[in-house]
Amino acid sequence: MNRKSRVEKCVECGGEVRYVTGEGRTTVYKGIEIPVPEDLAINTCAACGEEYMAAGEAKTWTAAFEKVYREIIRTRLIAALLAIGEDVPQRRIERAFGLSAGYLSKLKQGDSDASPGLVSGLSLLAINPNALEQLETIWSIRRGRKKEMRP
């Protein structure tokens, strides 16, 4: 995009600020690192990489980042559920995470969006299936049953 930058000089280093597009850029959005869409123009210092948001760009940035964010969350969710496999009943996983019955099905079908925390938990469970028993113990303790937690 050939827009004129409102910021002439970088406040961090004094370098030239101009709109930049292209691949290989990343940003942190809602706590996870995501790739910046190639066609999204961002006011960027040529010297230090500092980025500037001009007035009125917040909605454009948010829309672009949200789309990428949701795709990443969904991809990681599906990967975790595939790695856990069919050996563990879905309802058992839902109970261990304190989820309503059928919630994982809704997530798989794209009818709802998973939180990064849930995707993280499922990803860890995929790596260590034995952790499911520990999660069940945690939830049992919260319901008042006394079980000894194993490290």
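Which residue stands opposite E51 in β5? The residue is T44. The structure is a predicted model, in which local features need pLDDT of at least 70 and side-chain atom pairs count only at pLDDT 80 or more, while totals for chains, interfaces and linings use all residues. Residues are numbered from 1 along each chain as its sequence is written, and side-chain values use heavy atoms, with hydrogens and water left out.

Helices (H or I, at least four residues) and strands (E, at least two) are DSSP runs, numbered from the N terminus. An open sheet is formed by 3 strands in the order β1-β4-β5, with antiparallel pairing; two strands pair if DSSP finds at least two bridges between them. The edge strands, β1 (17-20) and β5 (51-52), each pair on one side only. Between β4 (residues 42-45) and β5, the antiparallel pairing runs over 2 bridges.

Helix α1 (residues 58-84) contains 27 residues and reaches 38 Å from its first C-alpha to its last, close to the expected 39 Å. The expected span is 1.5 Å times one less than the number of residues. Buried residues (under 20% relative accessible area; exposed, over 50%; partly exposed, in between; 1.4 Å probe, protein chains only) in α1 include W61, F65, Y69 and I84. G85, which follows α1, has a positive phi near 80°.

For helix α4 (residues 116-127), 12 residues at 1.5 Å a residue should span 16 Å, and the end C-alpha atoms are 16 Å apart, which agrees. L118, V119, G121, L122 and L125 of α4 are buried. Seen down the axis of α4, these buried residues fall within an arc of 160°, so they line one face of the helix; the arc is that of the directions from the helix axis to the C-beta atoms. L124 and I127, on the other side of α4, are exposed.
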